[in-house]
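Today I wanted to look up the pocket lining and then the aromatic rings.

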Amino acid sequence: GAIADEKVPVAVVDKRWFGAWLQQCQQAGLDIKSALPEQLLLPYRAQCWTLRAEPARWLVRISAYRGFALEPDSAKIALQWLLDNASELPQQLLVCSDEPVETLLPQLPELLRGSIEVLENKPLALADGVPLIDFLQGGFGRTLPWQRWWLQWRPAAMVFAIAVVVHFSVGGIQHHRLNQQNIALRQQIEEVY
């Protein structure tokens, strides 16, 4: 991520899994422009935690660059552990869910139940101006699409190559003819002299 106050946020991903995933996308003809940690796409507000509750998993964002995914069954224990070890407690828990918030309350620690703000449950999206960590860097960095460009420009390149060959061939033939005419003119000059 971006350097700020002599700190650099990082994200960790399994290289083999991620490389295989990118290769599958490439084979399917998809041009991946960025790969972002999903939990960092949740809305962020200073001193707040954000929870996106889905039936099979929950996504939690606890700071600008920190977040994780967990199973709903382990949410109460994990969130309580986070609260116990937090240097600063969240002022609010921002919740995005298709389910009513009342059904989520038993899975939340007591401390978070009273500070819930329900957000509109919309698809995860990039927030304007919020810096994110892009996994497409280093070994996974985007390279120039030489192969695609070659396929697009190959017909034009072949026409250009043919034109260059014809140009040099015609130039060579003309040079040879002019050279022969020059020799003939010299011979005539010598004979006249």
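I started with the lining of the largest pocket: helix 1 gives the most to it, five residues. My helices are DSSP runs (H or I, at least four residues), numbered from the N terminus. Helix 1 (15-27) and helix 5 (146-192) are the elements that give two or more residues to that lining.

This is a predicted model, so I kept in mind that local features need pLDDT of at least 70 and side-chain atom pairs pLDDT 80 or more, while totals for chains, interfaces and linings use all residues. Numbering runs from 1 along each chain as its sequence is written, and side-chain values use heavy atoms, with hydrogens and water left out.

Next I looked up who lines the pocket. I got 21 residues, with Gln26, Leu30, Asp31, Arg142 and Thr143 nearest the centre. By type I noted ten nonpolar, eight polar and three charged.

Then the rings. I found four aromatic pairs in the whole structure (ring centres within 6.5 Å, using the six-membered ring of Trp; planes under 30 degrees apart are stacked, over 60 edge-to-face, the rest tilted). Trp17 and Phe18 are tilted, because their planes sit at 35 degrees, with centres 6.3 Å apart. Phe18 and Trp21 are stacked, because their planes are at 15 degrees, with centres 6.0 Å apart. I also noted that these two are three residues apart in helix 1, so about one helical turn separates them.

Is Phe18 buried or exposed? I have it as buried, at 4% relative accessibility (buried is under 20%, exposed over 50%, partly exposed in between; 1.4 Å probe, protein chains only). Trp21 comes out partly exposed at 34%.

Last entry: Trp17, Phe18, Trp21, Phe135 and Phe140 form one aromatic cluster.

Conventions:
On a 1 Å grid over the protein atoms alone, a cavity is a set of points where a 1.4 Å probe fits but cannot get out, and a pocket is an open set with protein on both sides within 12 Å along at least five of seven lines; lining residues have an atom within 4 Å of a point. Ala, Val, Leu, Ile, Met, Phe, Trp, Tyr, Cys and Pro count as nonpolar, Asp, Glu, Lys and Arg as charged, and the others, Gly among them, as polar.
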